[in-house]
Amino acid sequence: MLASRLIADPAVLTTLRGRNLLVILDEAQDTTPLQFRILSELTRPFEAAFGAWPAEPGAHPPRPGHFVMVGDAQQCIYASAGAELSCYSRHGEVLEPAVFQVTFRCHRAVIEFVNSRFAAILDGEGGQARFVELAPRQGAGEGRIGRLVLDATAGSGATGKPAGSLLFGREAEL
């Protein structure tokens, strides 16, 4: 990648670091190791050796407040494109963490269901994310969990209809 070759040049790296850049990396769990290296190098001190951080203990990390990453290991979906959960985790371990548990997306019943099932599934072993228990937002509704049983023979094979059309209008059964 051209950007990686450019910042490996000491003159280019010094110029870029001199611009006092601030990096806010959203969806960091889907970032490749090369992308992490490029972004973190831009925010490290002038005297920092290229490529030393975070692999080498004692190497200069990004300057305080200059590299912020936001992500959720439980939502890593781009491993096929080169994202590595271990790289995300390594950066998360050496940067000052802030863990957010409150979700604004779900009602209480959904959160209780997820919390009761996913802790055993997302155990942090074998490269898997470790589960972070969710909490409902203030004023979240109770909500409900339902199960809609579908005929296993239904779908495009049995009826000629796409499976999605078989669900249409049946949400009241939940």
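Visitor: Which residues have the most contacts inside the largest nonpolar core?

Guide: They are Leu25, Ala28, Phe36, Phe67, Met69, Tyr88 and Leu95, in a core of 14 residues. The model is a predicted one, in which local features need pLDDT of at least 70 and side-chain atom pairs pLDDT 80 or more, while totals for chains, interfaces and linings use all residues. Residues are numbered from 1 along each chain as its sequence is written, and side-chain values use heavy atoms, without hydrogens or water.

Visitor: What makes a set of residues a nonpolar core?

Guide: The members must be buried Ala, Val, Leu, Ile, Met, Phe, Trp, Tyr or Cys residues, joined through side-chain atoms within 4.5 Å. Buried means under 20% relative accessible area, exposed means over 50%, and partly exposed lies in between, for a 1.4 Å probe and protein chains only.

Visitor: Which elements give two or more residues to this core?

Guide: Strands β1 and β2 and helix α4 (85–94) do, and α4 provides the largest share, 3 residues. Helices (H or I, at least four residues) and strands (E, at least two) are DSSP runs numbered from the N terminus.

Visitor: Why are β1 and β2 called paired?

Guide: Pairing requires at least two bridges found by DSSP. Strand β1 and strand β2 (residues 67–70) have 4 bridges in the parallel sense, so they meet the definition. Within the pair, Val23 stands opposite Phe67.

Visitor: Which residues form the covered face of β1, and which the uncovered one?

Guide: Val23 and Leu25 are on the covered face, and Ile24 and Asp26 on the uncovered one. In a regular strand, side chains alternate between the two faces of the sheet.

Visitor: How do you know whether Arg17 is buried or exposed?

Guide: The relative accessible area of Arg17 is 2%, so Arg17 counts as buried. Glu41, at 0%, is also buried.

Visitor: Why is the contact of Arg17 and Glu41 called a salt bridge?

Guide: The term requires a side-chain nitrogen of Lys or Arg within 4 Å of a carboxyl oxygen of Asp or Glu. For Arg17 and Glu41 the N to O distance is 2.5 Å, so the pair qualifies. Arg17 lies in helix α2 (residues 10–17) and Glu41 in helix α3, so the bridge ties together parts that are 24 residues apart in sequence.

Visitor: How many salt bridges does the structure hold?

Guide: It holds 3. Arg44 bridges to Glu41, with the closest N and O atoms 3.0 Å apart. Glu142 bridges to Arg108, with the closest N and O atoms 3.7 Å apart. This last pair links a loop between β4 (135–136) and α6 (163–167) with helix α5 (residues 108–121), 34 residues apart. Glu142 is exposed at 54% relative accessible area, whereas Arg108 is partly exposed at 28%. Through shared partners, Arg17, Glu41 and Arg44 form one network.

Visitor: What is phi of Asn20, and what is phi of Glu27?

Guide: Phi of Asn20 is near 55 degrees, a positive value in a residue other than glycine. Glu27 likewise has a positive phi, near 55 degrees. Asn20 is in the loop between α2 and β1, and Glu27 is in the loop between β1 and α3. Asn20 is partly exposed at 45% relative accessible area, as is Glu27 at 41%.
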